[in-house]
Amino acid sequence: DIPPPHWDIKAPTLRKYLEGLAADASKSVDQLNTRLNRLNYMLKHTLGCPKTFEFRREELSILNDVPVSSISDDEVLESMIHEIQSP
């Protein structure tokens, strides 16, 4: 089990976070242990930027001149991974 961030004693572990999602979605932790959910956990609980995912969605909609509603979670995820991997 990955420990919670030491600087936030209220932050759940990744497992606890996924268990909470699983209870809400009636799915297993294994089904919800995805790159998308791990990214959202990191943004919210380890990086302290819970709104960044939606800010990136808005940014992509502006850059692509499309409605925010047309930007999928996977597109946001892939764009963030691309930005991290790009030199």
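At 38% relative accessibility, glutamate 54 counts as partly exposed (buried is under 20% relative accessible area, exposed over 50%, partly exposed in between; 1.4 Å probe, protein chains only). Its partner in a salt bridge is arginine 57, at 2.8 Å from N to O (a side-chain nitrogen of Lys or Arg within 4 Å of a carboxyl oxygen of Asp or Glu). Arginine 57 is buried, at 9%. Both residues lie in helix H4, three residues apart (helices are DSSP runs of H or I, at least four residues, numbered from the N terminus).

The model is predicted: local features need pLDDT of at least 70, side-chain atom pairs count only at pLDDT 80 or more, and totals for chains, interfaces and linings use all residues. Residues are numbered from 1 along each chain as its sequence is written, and side-chain values use heavy atoms, with hydrogens and water left out.

The whole structure holds seven salt bridges. Arginine 56 pairs with glutamate 83, the closest N and O atoms being 4.0 Å apart. This pair links helix H4 to helix H5 across 27 residues. Arginine 56 is buried, at 14%. Arg15, Lys16 and Glu19 are linked in a network of salt bridges.

The largest nonpolar core has nine residues, including Leu36, Phe53 and Leu77 (buried Ala, Val, Leu, Ile, Met, Phe, Trp, Tyr and Cys joined through side-chain atoms within 4.5 Å). H3, H4 and H5 each give two or more residues to this core. Another core, of seven residues, lies apart from it; Tyr17 and Tyr41 are among them.
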